[in-house]
Amino acid sequence: MPENNNNDVVLRVKDLHVSFYTNQRCNNVLRGVSFDIRRGRTLCIVGESGCGKSVTANSILRLLPDLSRIESGSITYYKEDGTEVRLDQLEKNGKEMRSLRGKDIAIIFQDPMTALNPVYTVGHQIREIIKEHKPGLTKQQLKQESIQDLAEMGIPAAEIRDGEYPHQFSGGMRQRAMIAMGMSCEPKILLADEPTTALDVTISAQIFDLMNGLKRDHGTAIMMITHNMGVVAEMADEVAVMYMGNIVEYGKVEDVFANPTHPYTKALLRSIPVLGKGRNQQLEPIRGVTPDPFNRPKGCQFCPRCDYAGERCETEMPSEEWVKEGHYTRCFHFREVMKDGK
Ligand SMILES: Nc1ncnc2c1ncn2[C@@H]1O[C@H](COP(=O)(O)OP(=O)(O)OP(=O)(O)O)[C@@H](O)[C@H]1O
Ligand SMILES: [Mg+2]
């Protein structure tokens with residue numbers, strides 16, 4: 001990706017390659033992922049199941065399992081004081097990485113059980129994070145804060161719930177407790193992996209409001225993973241569309257929605273229900289199936305499913321090309337795709 005210097009950038013991922021090694025086989029899960037996360041803005045990463053969204057988020061905080069490896073590329077965190085930290089070069093569980101986790105960069109996992117400790121009450125776990133961020137609060141004040149955090153997440157009887165253990169919470173409540181933990185330290189960057197997928201719409205809306213508040217009041221940069229284009233439309237400033245380990249299109253949400261340049265983005269946009277068109281509107285599924293990661297197409301990964309594909313697409317992977325400032329695509333035929341009204 002060409003340099004796009006801007007001092008609002010808080011995190012820059014550049015040409016990131018990550019592989020998983022299982023049963024003596026190597027799966028190149030991320031294949032040159034590049035994007036920026038900016039202060040006070042929300043980047044949504046969207047794409048189908050298995051394309052590498054969670055691996056991207058977990059790479060940033062070096063939370064990948066041992067059977068995986070960052071092969072190349074860089075992940076740079078730009079601190080407010082101007083220093084740069086190469087997260088990809090830090091020791092996975094070293095002091096520096098541990099102090100960044102939760103404090104500077106927080107993550108809300110897709111599966112809440114990975115984040116909650118079963119042997120402590122939920123309130124205790126939230127207070128541990130608040131303590132780090134606001135030292136000097138009394139026990140009483142800390143308790144008030146943790147209860148308030150839970151209440152803000154729409155958890156009823158927060159005072160009682162505060163003293164309960166994760167197994168006493170329902171799945172949706174655990175999810176909300178984890179979101180409360182992620183947000184309570186007012187991080188510089190919040191990585192949210194499908195934070196509200198398991199929750200009903202009113203609670204989701206409430207949580208999105210709280211995230212927007214964090215962004216507005218503290219300049220938090222948010223990276224949110226979703227497979228829902230409706231959520232992208234509502235929440236994103238920038239969007240990254242991912243397909244089989246690559247970002248195939250990246251840009252301001254208004255640019256990408258008005259002028260999609262990748263056939264996969266177009267197909268995703270055609271799959272959003274339009275308000276007012278009723279329940280029976282035809283949503284177009286994307287033809288074909290996702291290829292086996294161990295038997296990938298040689299060139300463009302989307303080629304076998306693409307209406308625009310030509311010979312070159314079969315053998316060559318398109319590199320990132322700027323459509324306009326801040327908007328890139330990985331498609332040889334992007335001009336044609338843009339012109340085509342379909
Ligand atoms: N623990 C693991 N062991 C082996 N392979 C893994 C592991 N985690 C991820 N992968 C591989 O990485 C790919 C990307 O996984 P990832 O979890 O990032 O997908 P995702 O885009 O988050 O999907 P979803 O929308 O279902 O959460 C998977 O298709 C899988 O092949
Ligand atoms: Mg995932």
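**A buried threonine and a ligand shell**

Thr261 is buried, with a relative accessible area of 0% (buried means under 20%, exposed over 50%, partly exposed in between, with a 1.4 Å probe and protein chains only). This is a predicted model, where local features need pLDDT of at least 70 and side-chain atom pairs count only at pLDDT 80 or more, while totals for chains, interfaces and linings use all residues. Residues are numbered from 1 along each chain as its sequence is written, ligands are numbered from 1 in the order in which they are written, and side-chain values use heavy atoms, without hydrogens and water.

Thr261 sits in the loop between helix H9 (253-258) and helix H10 (263-270); helices (H or I, at least four residues) and strands (E, at least two) are DSSP runs numbered from the N terminus. Its side chain makes a polar contact of 2.8 Å with the side chain of Glu249 (a pair of N or O atoms within 3.5 Å; within protein, one must be able to donate a hydrogen and the other to accept it, and residues adjacent in sequence count only if both atoms are side-chain atoms).

Oxygen atoms of ligand 1 lie 2.5 Å from a polar side-chain atom of Ser49 and 2.9 Å from one of Gln110. For Cys51, a backbone N or O atom lies 3.3 Å from an oxygen atom of ligand 1.
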